[in-house]
Amino acid sequence: MLFARFMTIYGHKFKSAFDDDKEIIIAKREWALSLAGYEEDVLVLAIEQAKRQYSWMPSIAEFLQLMDQCQESFGLAPKEQAYAEACRHATAPSHHPWSHAAVYHAGRATGWFELKSLPRQATQGRFNQHYKTLCQRVLAGENLDQVKTSALSAPNNDNLFALIDQWARQMDVTPELAQSALYFLHLPKHSPLRKNLYLRSKFEYSGYVIPDTIDALRSQLA
């Protein structure tokens, strides 16, 4: 699928990168080995990014960077980074502000005792499989249960919907647009996804002052 898309996107530039069909077969094998472990949803996003960013077919290294960037746009760390985080904080998982709930749940499914006491070769494969499944669920749109820690506890949202509706009236926009623009305020403060959504809202709704915290929202409405 990847090479078919590249052929469509880059046309003669793609064909000129290979001398013959045998070289294409060898290249496909190398690409397949390099992309093992990434999900198809991330692959599709990276292809879309590649055709905007590169006028020629990207190298494997360039494409791997795009894959990591696309996965991180969902707040998901690469599997090596996720595994390292799980191992570092396996002793006290409930006291760590996890980069994403998927890392915590993959660590818990693998076993905190195993992660802190067994060698890498005994736990990394199991962790990667759990993390892969959890990433698939996130990329499919599922919101994983948040980790119950003081660092990642959700903000006090009791009045947040009302505040956002008030912001909508003040900005003279629909409640639906306001909820979309300020949705990130419902997420935990230290969540990478919250930061990404905030930056996206600032770009998409550049005509409005987008508050970055609930306190900033209250101040704007005062």
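Tutor: Lys and Arg are counted here as positive and Asp and Glu as negative, leaving out His and the chain ends, and each charge is placed at NZ of Lys, CZ of Arg, CG of Asp or CD of Glu. On that basis the chain carries 24 positive and 24 negative side chains, with the centres of the two sets 3 Å apart. The model is predicted, so local features need pLDDT of at least 70 and side-chain atom pairs pLDDT 80 or more, while totals for chains, interfaces and linings use all residues. Residues are numbered from 1 along each chain as its sequence is written, and side-chain values use heavy atoms, without hydrogens or water.

The chain holds 13 helices and zero strands (DSSP runs of H or I with at least four residues, and of E with at least two, numbered from the N terminus). Its C-alpha trace spans about 70 × 50 × 20 Å along the principal axes, and 41% of its 222 residues are buried, that is, under 20% relative accessible area with a 1.4 Å probe, protein chains only. Among contacts (heavy atoms within 4.5 Å) with a separation of 6 or more, 67% join residues 24 or more positions apart.

The part to examine is the meeting of helix H6, residues 79-88, with helix H9, residues 120-139, whose axes come within 10 Å and cross at roughly 120°; axes are lines fitted to C-alpha atoms over the stretch in contact, with angles from 0 to 180 degrees between N-to-C directions. At this crossing Lys79, Glu80, Ala82, Tyr83 and Ala86 of H6 meet a set of H9 residues consisting of Arg120, Thr123, Gln124, Phe127, Asn128 and Tyr131.

Notes. Buried < 20%, exposed > 50% of the residue type's maximum accessible area, 1.4 Å probe, protein only.
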